[in-house]
Each structure stands twice: as C-alpha cells, then as structure tokens.
Amino acid sequence: MRFYLVRHGEAVSKVVDRERPLSERGQDDVARVATFARHAGVGVYQIYHSGKRRAEDTAAILAEYLEPAGGLAPVPGLRPEDDVLPMAELLNQAKEPLMLVGHYPHLVRLSGLLLAGNKRRPVVDFQMGSMACLERNLGARNWSLCWVITPDSVASLTLL
C-alpha cells in the first residue's frame, strides 16, 4: 500500500502574518505538485495535516486535485518537533492509503525511521512543497521509497 509524505509549501513570514499561510509561490508550487500527483494516479483515502496554517493550506490544495473520499483532517503528531513513533505506528496500522502533510524536520525523521529503521538517519530531504511516495508491504513493516517529486522537478517536466 502506498502512502505520501508532503512538506508544506512556502509560507509568508511571521512578520507579514503570524498564522503563516502559504505565499503565492507556495500556493503555485503545491498546485504544480498536486497536478503531477493527479496525473500520476495518486489516490488517497484521507489527507492528514498538522493543524498549522501552512500545512492546512497545503492539504486543502492537494485535496482539490486528489479529492480524497475521507477529506482532510488535522491530527496530532505532525508538528516539526513531534515524536515520529506515533505517526509511524499510524502508517503501519493504516488500512487505506493516506497522505500526511507536515514539516521539517519531522518528515525527515519519520521517513528515516520507516525506510532505514532509524529516525536519525536522513533518507529523504524534504524541500518545501515536495512529496514522497512510500510503499508498505502488506502484512509487514517493510517500507520502500517509490519516488520523490519537488516543485522544481515538476516544473521541468514536459508532460504537464
């Protein structure tokens, strides 16, 4: 089963807006990645986000393109410094494909734990607006990295 880890898009400065919504560039970057994901056949049951405005905005754009049946929802455990073990367990137990929209360094630690068995071993460098596709072997806790896409790499593709 496939799961998707997404780092939020570029946000405005706290000086501009304390809630830090996505900047115009962040919105455009996430829309490009969402377009790629839709064309690539990405299907998820639900999109979870950290509850922080920039992650919620990112999740909302992705939901527009991917139309998850379960919608989107804030969940605890996706903030930048949260422990990754609860999210790893959630993904190991999940019965439907999910997308998690979160933050650096949490996503780096989570992917390290799932893919290398060590949260201190970075495997994926999550740029803002990037998406990683991970696959869990059914009935096992073996994970593999299928692909990573960034806003810049999507912009260079000619198929979109």
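Predicted model: local features only at pLDDT ≥ 70, side-chain atom pairs only at ≥ 80, totals over all residues.
Biologist: What makes Tyr-4 and Trp-147 an aromatic pair that is tilted?

Modeller: Their centres lie 6.0 Å apart, and the cut-off for a pair is 6.5 Å. The planes stand at 45 degrees. Stacked needs under 30 degrees and edge-to-face needs over 60, so the rest count as tilted. Tyr-4 with Trp-147 is therefore a tilted pair.

Biologist: Where in the chain do Tyr-4 and Trp-147 lie?

Modeller: Tyr-4 is in strand β1 and Trp-147 in strand β6 (residues 143-149). They are 143 residues apart, and the pair links distant parts of the chain.

Biologist: Why is the pair of Phe-36 and Trp-147 called edge-to-face?

Modeller: The angle between the planes is 85 degrees, and edge-to-face means over 60. The centres are 5.5 Å apart, within the 6.5 Å limit. Phe-36 is in helix α1 and Trp-147 in strand β6, 111 residues apart.

Biologist: Which residues do ring pairs link into a cluster?

Modeller: Tyr-4, Phe-36 and Trp-147.

Biologist: How do helices α1 and α2 pack?

Modeller: Helix α1 (residues 24-39) and helix α2 (residues 53-66) pack at about 35 degrees, their axes 9 Å apart. The crossing of α1 past α2 is right-handed. On the α1 side, the contact includes Val-30, Ala-31 and Ala-34. By class, the contact has eight nonpolar, three polar and one charged residues.

Biologist: What makes the contact between Ser-23 and Glu-10 a polar contact?

Modeller: The side chains of Ser-23 and Glu-10 are joined at 2.7 Å. The limit for a pair of N or O atoms is 3.5 Å, so the distance qualifies. Ser-23 is found in the loop between β1 (2-7) and α1. At 10% relative accessibility, against a limit of 20%, Ser-23 is buried. Ser-23 also touches Ala-11 and Val-12.

Biologist: Why does Met-87 count as buried?

Modeller: Its relative accessibility is 4%, and buried means under 20%. Met-87 therefore counts as buried. Met-87 sits in helix α3 (residues 85-93). Among the residues Met-87 touches are Val-75, Leu-78, Leu-100 and His-106. Met-87 and His-106 are 19 residues apart in sequence and 9.9 Å apart in space, C-alpha to C-alpha.

Biologist: Which peptide bond is cis?

Modeller: The bond joining Tyr-104 and Pro-105, with omega about 5 degrees. Pro-105 is in the loop between β4 (98-102) and α4 (106-116). Most peptide bonds are trans.

Biologist: What is the phi of Arg-20, and what is the phi of Glu-67?

Modeller: Phi of Arg-20 is near 60 degrees, and phi of Glu-67 is near 45 degrees. Both values are positive, in residues other than glycine. Most residues other than glycine have a negative phi. Arg-20 lies in the loop between β1 and α1; Glu-67 is in the loop between α2 and β3 (72-74).

How values were computed:
Residues numbered from 1 in each chain as written. Heavy atoms only, no water. Axes fitted to C-alpha atoms, helices over the stretch in contact; angles between N-to-C directions. Helix = DSSP H or I, 4+ residues; strand = E, 2+ residues; numbered from the N terminus. Left-handed = near helix turned anticlockwise from the far one by under 90°. Contact = heavy atoms within 4.5 Å. Nonpolar A, V, L, I, M, F, W, Y, C, P; charged D, E, K, R; others polar. Buried < 20%, exposed > 50% of the residue type's maximum accessible area, 1.4 Å probe, protein only. Polar contact = N/O pair within 3.5 Å; in protein donor to acceptor, adjacent residues only side chain to side chain. Lists of a residue's contacts leave out its neighbours within four places in sequence.
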